[in-house]
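I opened a structure that was new to me and kept short notes. Here is what I looked up.

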Amino acid sequence: FEAWARKVMINTLIDEFRKTRKVKELMETVDFSEGQWEESGIFDWNHAEQAFDADQLKSYIHQLPPVSRKVFNLYAIDGYKHAEIAELLNISMGTSKWHLSFARKKLQEMLQKALNESKVS
């Protein structure tokens with residue numbers, strides 16, 4: 001039994017390696033912590049990241065309607081799946097997905113408005 005289990009385990013690992021090998025070959029890793037990217041001008045920080053801090057983002061999330069805010073927090077921050085959120089809040093999965101989409105759109109609008117106002121100032 002041990003030899004058979006070992007053979008199954010090895011074949012499973014080989015299959016998994018073959019599946020992910022193509023993806024790993026396409027990925028390129030870059031270490032942005034060294035600071036050379038900023039000095040050379042190759043790397044430019046996202047304008048939204050420069051303009052907003054965590055407290056501002058938290059205040060925008062707090063402005064969302066209560067259910068949309070709960071769904072957004074559970075999905076984006078806490079990592080729950082829509083099925084789990086639906087069960088926790090006693091809503092359907094479709095409703096959970098709608099609230100997440102609505103919250104994202106509202107946050108994008110608020111962030112864009114704030115970004116445009118900061119450019120004008």
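I began with the contacts of histidine 82, counting heavy atoms within 4.5 Å as contact. Leaving aside neighbours within four places in sequence, I found histidine 82 in contact with Tyr75, Met93, Ser96, Lys97 and Leu100. Histidine 82 sits in helix H6, residues 82–89. Helices here are DSSP runs (H or I, at least four residues), strands are E runs of at least two, and both are numbered from the N terminus.

Is histidine 82 buried or exposed? Its relative accessible area is 12%, so histidine 82 is buried. I took buried as under 20% relative accessible area, exposed as over 50%, and partly exposed as in between (1.4 Å probe, protein chains only).

A note on the source: this is a predicted model, where local features need pLDDT of at least 70, side-chain atom pairs count only at pLDDT 80 or more, and totals for chains, interfaces and linings use all residues. Residues are numbered from 1 along each chain as its sequence is written, and side-chain values use heavy atoms, without hydrogens and water.

Next I looked up the whole protein. I counted seven helices and zero strands. Buried residues make up 16% of the 121 residues.
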